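Subject: Structure for your review

Dear colleague,

Please find below the structure that I am handing over to you. My notes on it follow directly after.

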Amino acid sequence: MAITEHRDIEKGDNKGLEDLVEPLVENKSKNVDISEHQNDSITMVLLSTAVAVCGSLEFGTCVGYTAPTQSAIVSDLNLSVAEYSLFGSIVTIGAMIGAVTSGRIADTIGRKGAMGLSAVFCIAGWLAIFFAMGAYSLDTGRFFTGYGIGIFSYVVPIYIAEISPKDLRGGLTTLNQLMIVTGSSISFLLGTIVSWRILALVGLIPPVFLLVGLLFIPESPRWLAKVGLELEFNHSLRKLRGKKANISAEADEIHESIVALQSLPKARLLDLFDAKYIRPVIIAVGLMVCQQSGGINGIGFYASQTFETAGYSSGKVGTILYALIQIPVTIIGVILMDKSGRRALLLVSSSGTFLGCFLAGTSFYFKDQGIFLEWVPLLAASGVLIFIAAFSIGMGAVPWLIMSEIFPLHIKGAAGSLVVLVNWLGAWVVSYSFNFLIVWSPAGTFWLFSGFCVATVVFVAKLVPETKGKSLEEIQASINS
């Protein structure tokens with residue numbers, strides 16, 4: 001049976017939920033039972049999502065760590081600009097290695113196992129940073145946290161997408177990005193009032209909570225079915241759909257899908273370049289290149305320095321505003337995700353990031369030319385804040401969501417590793433080169449980013465499909481057609 005003939009068997013189809021409840025004699029009792037079943041079902045899905053996004057919170061805490069701590073670490077450990085640039089960017093090297101192994105790890109030890117392994121690496125990394133007395137320990141700790149968040153960046157959205165009902169999949173998966181920016185904002189804000197060592201201890205909190213939470217949530221039923229753990233599969237699906245739910249129909253659909261998938265050859269990295277997979281690969285990889293080439297990891301990693309370069313005596317105020325604006329705008333993006341659609345958000349977001357980078361570049365041009373100097377700080381700050389607001393509403397979250405939707409289950413491991421690897425490679429290039437680009441030309445740096453944002457608008461308009469309200473099979477069939 002073709003995979004595309006099924007309903008949303010990878011993510012769960014809530015349609016006809018009332019038919020899954022055991023019949024009762026009285027209609028009033030039946031309505032109460034349906035309500036209780038729905039509440040029971042959604043509670044476990046929400047709990048599982050809450051535990052998983054602790055990994056996203058850790059992700060944000062890690063990437064936001066360098067922005068408020070640059071001056072203090074450089075001063076305390078006598079680091080040069082090049083040494084601090086390495087410290088700031090080596091997290092992406094670890095994340096690249098995590099990306100290469102993330103799909104295989106998640107397919108071998110499960111989604112929960114991969115999240116637990118990531119948490120252990122992050123804990124070890126933060127402890128190394130806390131006790132660091134020189135660049136070596138500092139870089140080692142940063143590398144470990146990078147490896148952990150590299151795996152998180154793949155497995156968290158995949159796990160959430162695989163346990164969520166279709167009508168909640170977009171919003172719940174986007175919580176991944178919301179918690180990333182929340183973690184980043186926490187680092188930005190706390191970093192202005194606590195020492196860099198204390199901030200490292202704060203980074204321990206999310207992975208510790210995640211390790212504890214993993215004891216109380218089910219494994220992805222799709223992965224359990226894929227590896228043939230039948231009893232565990234039924235237990236997981238029942239926990240996610242409610243004790244009184246009739247899960248037989250959904251279970252049969254999942255099994256039929258797995259049988260069809262297992263009849264296909266095991267996916268290798270080279271298989272992704274086959275004609276039937278090349279279009280989703282181009283879309284996913286292209287979106288990750290667009291996301292990083294706009295400059296987010298350079299602007300975010302060194303936000304404090306950017307504000308100081310614009311003429312502010314201290315980068316703290318700008319850093320705080322940067323942190324505060326991310327969360328509410330990302331929440332708006334979550335709300336709009338399943339209403340306005342993924343594609344529309346990408347177009348609006350990339351247009352906004354272009355405007356923000358162009359304004360920031362123009363402000364630095366004015367400064368270089370010695371004109372309108374009184375407007376330079378305001379224009380630069382406005383550009384950076386417009387950039388981060390626009391990025392947070394779409395370009396931050398939507399590429400990860402689309403990545404989790406467009407690949408068939410049997411190639412998600414290989415495809416996910418490739419896509420996350422490309423993302424982190426781009427993050428390393430931007431975060432390592434940003435300080436050197438700023439030395440070369442602040443105006444040129446931001447205008448370069450704005451050019452990439454224009455290219456993103458064109459890419460989305462030409463190639464990226466709308467996936468709102470479609471089952472995974474419908475999405476994959478429409479792409480291949």
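Of the contacts in the chain between residues at least 6 apart in sequence, 84% join residues at least 24 apart. Please bear in mind that this is a predicted model. The chain has 20 helices and 0 strands. Of its 481 residues, 57% count as buried. The chain exposes about 18,600 Å², and carbon and sulfur atoms supply 68% of that area.

Nonpolar surface patch

Three helices, α15 (342-369), α16 (376-395) and α19 (442-463), each supply at least two residues of the patch. With 4 residues, α15 provides the largest share.

Aromatic residues

The count of aromatic pairs comes to 21. One of them is formed by Y365 and F366: the ring centres are 6.4 Å apart and the planes meet at 50°, so the pair is tilted. For pairs in general, the description rests on the distance of the centres and the angle of the planes. The cut-offs behind this assignment are 6.5 Å for the centres, with planes under 30 degrees apart taken as stacked and over 60 as edge-to-face.

Are the two partners buried or exposed? Y365 has 35% relative accessibility and therefore counts as partly exposed, whereas F366, at 18%, counts as buried. The threshold for buried is under 20% relative accessible area.

Y365 and F366 also belong to one aromatic cluster, together with F354, F358, F372 and W447.

A buried serine

S187 is placed in helix α5, which spans residues 166-190. Because its relative accessibility is 0%, S187 counts as buried. Which residues does S187 contact, leaving aside its neighbours within four places in sequence? They are G60, T61, G64, Y65, P68 and L199.

With kind regards

Notes
Residues are numbered from 1 along each chain as its sequence is written. This is a predicted model: local features need pLDDT of at least 70, side-chain atom pairs count only at pLDDT 80 or more; totals for chains, interfaces and linings use all residues. Side-chain values use heavy atoms; hydrogens and water are left out. Rings of Phe, Tyr and Trp (its six-membered ring) pair if their centres lie within 6.5 Å; planes under 30 degrees apart count as stacked, over 60 as edge-to-face and the rest as tilted. Buried means under 20% relative accessible area, exposed over 50%, partly exposed in between (1.4 Å probe, protein chains only). Contact means heavy atoms within 4.5 Å. Accessible areas come from the Shrake-Rupley method with a 1.4 Å probe; for residues, only the protein chains shown count as cover.
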